[in-house]
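Visitor: I have a model on my screen and would like to learn how to read it. Where do we begin?

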Amino acid sequence: MNAIKIEILGTGCKKCQQLEANAQEAVANLNLTAEVLHITDPVEIAMRGVMSTPAMAVNGKVVTKGKVISAEQIQPLLQG
């Protein structure tokens with residue numbers, strides 16, 4: 001199975017950091033191979049149609065925006 005690419009979209013505030021930590025926890029809980037990146041460039045974020053952060057993209061598709069979701073809520077998004 002290919003590695004999953006998770007991107008956290010946000011400026012790096014506490015909420016963005018929490019979402020990233022929750023994504024890492026979800027990956028660990030599912031024993032997946034994933035690359036977690038943090039995108040902080042506001043132009044890049046806007047180009048993806050995200051106007052409220054934090055947001056998260058899985059394999060290039062934005063799956064949540066404007067809120068911090070828990071590791072338990074992230075897990076189904078990673079399982080496809």
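Guide: With a caution: this is a predicted model. Now take the sheet.

Visitor: How do strands of a sheet pair?

Guide: They pair through backbone hydrogen bonds, either parallel or antiparallel.

Visitor: In which sense do strand 1 and strand 3 pair?

Guide: Antiparallel, over four bridges. Leucine 9 has alanine 55 in strand 3 as its bridge partner. Alanine 55 also has a bridge partner in strand 4, lysine 65.

Visitor: How many bridges join strand 3 to strand 4?

Guide: Four, and these two strands run antiparallel. They form a hairpin with two residues between the strands. Look there at asparagine 59: its phi is positive, near 50 degrees.

Visitor: Where do side chains point in a regular strand?

Guide: They alternate between the two faces of the sheet. Next, see what packs on this sheet.

Visitor: Which residues have the most contacts inside the largest nonpolar core?

Guide: Ile6, Ile8, Leu19, Ala23, Met56, Ile74 and Leu78, in a core of 14 residues. Strand 1, helix 1, strand 3 and helix 3 each supply at least two residues of this core. The largest share, four residues, comes from helix 1.

Visitor: What is alanine 23 in contact with, leaving aside its neighbours within four places in sequence?

Guide: Ile6, Ile8, Met56 and Ile74.

Visitor: Now the charges. How many salt bridges does a search of the whole structure find?

Guide: Three. To call one, look for a side-chain nitrogen of Lys or Arg within 4 Å of a carboxyl oxygen of Asp or Glu. Glutamate 7 and lysine 5 qualify, with their closest N and O atoms 3.8 Å apart.

Visitor: What other salt bridge does glutamate 7 form?

Guide: One with arginine 48, where the closest N and O atoms are 2.8 Å apart. This pair links distant parts of the chain, 41 residues apart. Glutamate 7 is in strand 1 (residues 4-9). Arginine 48 is in the loop between helix 2 (42-47) and strand 3 (55-58).

Visitor: Is glutamate 7 buried or exposed?

Guide: Buried, because its relative accessibility is 4% and the cut-off is under 20%. Its two partners are partly exposed: lysine 5 at 35% and arginine 48 at 26%.

Visitor: Which salt bridge does glutamate 44 form?

Guide: One with arginine 48, the closest N and O atoms lying 2.9 Å apart. Glutamate 44 is partly exposed, at 27% relative accessible area.

Visitor: Which residues are linked in a network of salt bridges?

Guide: Lys5, Glu7, Glu44 and Arg48. Trace it on screen from lysine 5 to glutamate 7, on to arginine 48, and then to glutamate 44.

Terms used:
Residues are numbered from 1 along each chain as its sequence is written. This is a predicted model: local features need pLDDT of at least 70, side-chain atom pairs count only at pLDDT 80 or more; totals for chains, interfaces and linings use all residues. Side-chain values use heavy atoms; hydrogens and water are left out. Buried means under 20% relative accessible area, exposed over 50%, partly exposed in between (1.4 Å probe, protein chains only). Two strands pair if DSSP finds at least two bridges between them. A nonpolar core is a set of buried Ala, Val, Leu, Ile, Met, Phe, Trp, Tyr and Cys residues joined through side-chain atoms within 4.5 Å. Contact means heavy atoms within 4.5 Å.
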